Amino acid sequence: MPRIVIVPVAIAIAALLWLWSSGGFDSLAAWAAGEQRDFQNQIARTLRGLRAGDAGALSLLLTLCFAYGFFHAIGPGHGKVLIGGYGLGRKIPWMRLSLISLISSLGQAVTAVALVYAGVLIFDLSRKQMVGAAENYMAPVSYAAIGAVGLWLVFRASRKFVRLRQPVAHDHAHHDHHHDHDHDHDHDHDHDHDHDHDHNGACSTCGHKHGPSIDEVENATSLRDALILIGGIAMRPCTGALFVLIITWQMGIGAAGIAGAFSMALGTAVVTVGVGVAAVTMRAGVLGSFASSRTATQIVPAIELVAGLLVLVIASGLLLRAI
């Protein structure tokens, strides 16, 4: 491993281990859970007022749900870990990552609605059973998917380091020509082995492409990566959304519950979008500061490796807590 990677990797791992051993994750989760309980109590009172026909109850419900989603996203277990790690480790426009974050959060609301209404209308599940399904099955699968993305980032970074250590050389075969002694030819041929490649990956000397360009690789994987990110986040519904959906269905005001679930998703999206933009900005700043350095070629895989390790360690911790 290059020296430039050892220090940040060691710091990142040490910080995570200290946070884990000192109960930092548990403290953060406990604070967020306390805020969520307060909001749930306020939401329950607002729902009773909405059912009674109180003016402004629907607006208050949506506001509370939005705030609930925001505080719920601050705690561990949401897609900010995956979005932040991916934005730090891969080259992606901040607008695209923000859109992925928004769609992922809204996807959680879709999953919650599908789970609740499939549970009550098809499988006749109770509230406890639906929350249990989300916590005992969907959450571990989501954490495992997030960890897999982190492992993939680590693998990509490691492969880049291996390639950096391998010298690039063009191997061209030249055939010797044998001529009769009666002919005197000058056999001093001047060959230039420095091949310039244009932006689409074509060699200016031989006219062939020796491999895909960086832009082609980014475009080829962007849709796949986006689907993986969205799926990894959206498969775990918010328990607060389940609470609102189940209660409103029982009270006969299901439409208000669906609106509340999507309002929660927007509150969650505020956090994940902010984390994504911060990660992209941080990556650009780090790359810019090392642009003229001799170690510039090692910075990109180093950042990707650190980001992958962060995602992998955090997701593994969440997975161990969930199982």
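Biologist: What are the packing angle and the axis distance of α4 and α5?

Modeller: In this predicted model, α4 and α5 pack at an angle of about 165 degrees, and their axes are 11 Å apart.

Biologist: Why is α4 called roughly antiparallel to α5?

Modeller: Angles over 145 degrees count as roughly antiparallel. The angle here is about 165 degrees, so α4 is roughly antiparallel to α5. As for handedness, α4 passes α5 in a right-handed crossing.

Biologist: What makes α6 and α8 roughly antiparallel to each other?

Modeller: The cut-off of 145 degrees applies again. The axes of α6 and α8 (residues 239-251) cross at roughly 160 degrees and come within 10 Å. The pair is therefore roughly antiparallel. The crossing of α6 and α8 is right-handed.

Biologist: Are α4 and α9 roughly parallel or roughly antiparallel to each other, and why?

Modeller: Their axes cross at roughly 20 degrees and come within 7 Å. Angles under 35 degrees count as roughly parallel, and therefore α4 and α9 are roughly parallel to each other. The crossing of α4 and α9 is right-handed.

Biologist: How many helices and strands does the chain have?

Modeller: The chain has ten helices and zero strands. Read along the sequence, the pattern is α-α-α-α-α-α-α-α-α-α. Of the 323 residues in the chain, 43% are buried.

Biologist: What makes R90 and D225 a salt bridge?

Modeller: A salt bridge needs a side-chain nitrogen of Lys or Arg within 4 Å of a carboxyl oxygen of Asp or Glu. For R90 and D225 the closest N and O atoms are 3.2 Å apart, so the pair meets that cut-off. R90 sits in the loop between α4 (80-89) and α5, whereas D225 sits in helix α7 (residues 214-234). The two residues are 135 residues apart, and their pairing links distant parts of the chain. R90 and D225 are both buried.

Biologist: Why does D225 count as buried?

Modeller: Buried means under 20% relative accessible area. D225 has 3%, and therefore counts as buried.

Biologist: How many salt bridges does the whole structure contain?

Modeller: A search of the whole structure finds five. One of them pairs E304 with K160, with the closest N and O atoms 2.8 Å apart. E304 lies in helix α10 (residues 296-322) and K160 in helix α6 (residues 127-165), so the pair ties together parts that are 144 residues apart in sequence.

Biologist: How do you know whether E304 and K160 are buried or partly exposed?

Modeller: The buried cut-off is under 20%. E304 has 0% relative accessibility and so counts as buried. K160 has 25% and so counts as partly exposed.

Biologist: Which residues make the nonpolar surface patch?

Modeller: F66, F70, L99, L102, I103, L266 and V270 make this patch of about 550 Å². The elements giving two or more residues to the patch are α3 (57-74), α5 (94-121) and α9 (254-289). The largest share, three residues, comes from α5.

Biologist: Why does R48 count as exposed?

Modeller: Exposed means over 50%. R48 has 52% relative accessibility and so counts as exposed. R48 lies in helix α2 (residues 24-51). The C-alpha atoms of R48 and M251 are separated by 8.7 Å, while the two residues are 203 residues apart along the chain.

Conventions:
Residues numbered from 1 in each chain as written. Predicted model: local features only at pLDDT ≥ 70, side-chain atom pairs only at ≥ 80, totals over all residues. Heavy atoms only, no water. Patch = residues over 30% accessible without salt bridge, like charges linked within 9 Å, V, L, I, M, F, W, Y side chains within 5 Å. Areas by Shrake-Rupley, 256 points an atom, 1.4 Å probe, with all protein chains shown as cover. Helix = DSSP H or I, 4+ residues; strand = E, 2+ residues; numbered from the N terminus. Buried < 20%, exposed > 50% of the residue type's maximum accessible area, 1.4 Å probe, protein only. Axes fitted to C-alpha atoms, helices over the stretch in contact; angles between N-to-C directions. Parallel < 35°, antiparallel > 145°, perpendicular 65-115°, else oblique. Left-handed = near helix turned anticlockwise from the far one by under 90°.
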